[in-house]
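Let's work through some exercises on pockets and salt bridges together. Keep the structure open beside you and try each task before reading its solution.

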Amino acid sequence: MISISNLLKEQQLPGNYFAYDVYVKGDLELGLLENRRGDRLLALPETLISAIYSGLEHETGSAARLVLFNCGKWWGKNFYVRFCEEISDYYGKTISQMEMVQFIQCFQQFWKTMGWGSFELNQDHYQDGFLIIIAKNSPYADQAPKWNRPVCFLEAGILTSFFSQLTGRDLLCLQTTCESLGSDSNRFILGLSDRIKPAEPWILEAQDHETILKNLCKSSQ
């Protein structure tokens, strides 16, 4: 509900900062994309995403997954800094001062505006120390080769780095289901690194999401 006192005192009420129609600005003649602050944005065509996968696989073999994950971590580190700056500039408060609902809405809208699909946080296993992230319509899963395992290593790296900096803890994010394997969504499990690592071989064994989550909860008791 809009506060009448705010209407009288504030010159501008903050809206949806990351709404696509106001956040992304482009100049077709110059071929430039930038956000509403004037920071440059980079558009990745589908053919380039596909070429990144195939090029890395050709040059580095199985290490391509680690390269993509580490690129995602670096990307996520910078993404976190920019996200915090923009939130602080626009809403006049830091992430830590935001209500959880507002933070999640901002993060979901940012994810969508960047063209990375939709994003949900499931907190059903929060008490066990795990957050479940459900992403859909990922362009990276759509263009990925068939590796017979979840392939969104870039997103996993981004989420690992972003939430590690947000919480100040050493977190790790692993993907358990993938649209490239016919799943309805890309599911990620986020938690403390030493508690998540045991799940890596279970993913290679193609265990399903619920089994992996159940085993993680059991091993942490």
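**Exercise 1.** Which helices each supply at least two residues of the lining of the largest pocket?

*Solution.* Keep in mind that this is a predicted model.
Step 1: look for helices in the lining; α3 (46-60), α4 (64-91), α5 (100-113) and α6 (139-142) each supply at least two residues.
Step 2: find the largest share, which is the 5 residues from α4.

**Exercise 2.** Describe the space in the largest pocket and the residues around it.

*Solution.* Step 1: start with the volume, about 680 Å³.
Step 1: turn to the lining of 24 residues, where Leu-42, Ala-43, Trp-75, Met-114 and Trp-116 are the closest to the centre.
Step 2: sort the lining by class, and you get 16 nonpolar, 4 polar and 4 charged residues.

**Exercise 3.** Which parts of the chain does the salt bridge between Arg-37 and Glu-85 link?

*Solution.* Step 1: check the distance; the closest N and O atoms of Arg-37 and Glu-85 are 3.4 Å apart, and the cut-off for a salt bridge is 4 Å.
Step 1: Arg-37 sits in the loop between β2 (32-35) and α3, while Glu-85 belongs to helix α4, 48 residues apart, so the pair links distant parts of the chain.

**Exercise 4.** What does Arg-37 form with Asp-89, and which residues share its network?

*Solution.* Step 1: Arg-37 and Asp-89 meet through their side chains in a salt bridge, at 2.9 Å from N to O.
Step 1: Asp-89 is in helix α4, and the two residues are 52 residues apart.
Step 2: bridges with shared partners join Arg-37, Asp-39, Glu-85 and Asp-89 into one network.

**Exercise 5.** Is each of Arg-37, Glu-85 and Asp-89 exposed or partly exposed?

Step 1: Glu-85, at 39%, is partly exposed.
Step 2: Asp-89 reaches 55%, so Asp-89 counts as exposed.

Definitions and conventions: Residues are numbered from 1 along each chain as its sequence is written. This is a predicted model: local features need pLDDT of at least 70, side-chain atom pairs count only at pLDDT 80 or more; totals for chains, interfaces and linings use all residues. Side-chain values use heavy atoms; hydrogens and water are left out. On a 1 Å grid over the protein atoms alone, a cavity is a set of points where a 1.4 Å probe fits but cannot get out, and a pocket is an open set with protein on both sides within 12 Å along at least five of seven lines; lining residues have an atom within 4 Å of a point. Grid points are joined across faces, edges and corners, and a volume is the space filled by probe spheres set on the points. Helices (H or I, at least four residues) and strands (E, at least two) are DSSP runs, numbered from the N terminus. Ala, Val, Leu, Ile, Met, Phe, Trp, Tyr, Cys and Pro count as nonpolar, Asp, Glu, Lys and Arg as charged, and the others, Gly among them, as polar. Buried means under 20% relative accessible area, exposed over 50%, partly exposed in between (1.4 Å probe, protein chains only).
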